[in-house]
Amino acid sequence: MANKWVYLLFAALLVTLVAAATITPEEHHVSMDEDSNYNMHWTVNKHNNTMRFTVEVKTTGWVGFGISPYTGQMPGSDVVIGWVDNNGNAFLQDRFATGRTMPTLDSQQNYQLIAGSESNGMTTLTFIRKYVTDDANDLPLEGGTTRLIWAYNTNDPPSPTNIPIHTKMGSRSINLFDTMPEADKPPLPSDTQTYDVTVFNVTIPSKDTTYWCQGIKLPQVTEKHHVIR
């Protein structure tokens with residue numbers, strides 16, 4: 001007898017990686033924001049210890065991407081800011097943040113711009129960086145959970161040294177090294193069922209980490225099921 005499947009989608013406090021709609025050459029895909037306006041794709045190259053990122057953002061202005069020191073906040077972060085001007089020229093600047101102000105331009109530019117384009121209101125930038133650099137202002141790319149920050153503006157900078165404050169920003173925790181590539185993920189069976197687990201009337205504090213536990217009664221079944229998160 002074929003096994004039935006139950007697919008559990010944890011919609012309250014657990015957030016799973018969501019593949020972006022646009023197909024890119026990268027192995028991994030995730031939406032950085034709830035509205036999928038900022039999508040990130042990446043590929044790990046273990047042969048030369050580099051990581052290639054592609055960010056696709058629904059804006060015609062500048063785009064920011066960074067590694068945060070476990071806080072998800074701007075201070076202490078290793079960031080890049082890039083944009084595509086009206087002539088189709090792409091720019092990428094390696095910077096570091098010492099506070100909640102414009103990040104300082106790094107004297108060592110360790111992010112390598114591969115490509116940049118702007119089309120249909122979408123800015124796309126592809127760049128590469130080594131896991132570890134010899135720059136004290138860079139944060140290493142390591143195993144486990146990495147706190148990434150993102151930002152963008154609806155306008156290009158007036159000049160490379162005059163970059164206006166972001167209009168949107170946020171952060172997300174990602175496992176950059178041990179995520180299964182999209183191409184290796186098996187398709188769900190045709191008889192997959194979904195069950196949403198939600199917690200109602202709970203306000204999550206914005207400043208502190210909160211762990212909320214609640215017992216949930218699952219639907220009764222009469223035969224063996226496989227659970228996929």
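Student: Which strands each supply at least two residues of the lining of the second largest pocket?
Tutor: This is a predicted model, where local features need pLDDT of at least 70 and side-chain atom pairs 80 or more, while totals for chains, interfaces and linings use all residues. Numbering starts from 1 along each chain as its sequence is written, and side-chain values use heavy atoms, without hydrogens or water. A pocket is an open set of 1 Å grid points over the protein atoms alone where a 1.4 Å probe fits, with protein on both sides within 12 Å along at least five of seven lines, and lining residues have an atom within 4 Å of a point. The strands (DSSP E runs of at least two residues, numbered from the N terminus) are β5 (63–68), β6 (78–84), β11 (145–152) and β12 (168–175).

Student: Which lining residues lie nearest the centre of the second largest pocket?
Tutor: That lining has 21 residues. Nearest the centre are Trp62, Met74, Pro103, Ala151 and His166.

Student: Is Arg95 buried or exposed?
Tutor: Arg95 sits in β7, residues 90–96. Its relative accessible area is 6%. Under 20% counts as buried, over 50% as exposed, and in between as partly exposed (1.4 Å probe, protein chains only), so Arg95 is buried.

Student: How many Å separate the C-alpha atoms of Arg95 and Asn137?
Tutor: Arg95 and Asn137 are 42 residues apart along the chain. Their C-alpha separation is 8.3 Å.

Student: What is the relative accessible area of Thr126?
Tutor: Thr126 belongs to β10, residues 122–130. This residue is buried too, and the value is 13%.

How values were computed: Helices (H or I, at least four residues) and strands (E, at least two) are DSSP runs, numbered from the N terminus.
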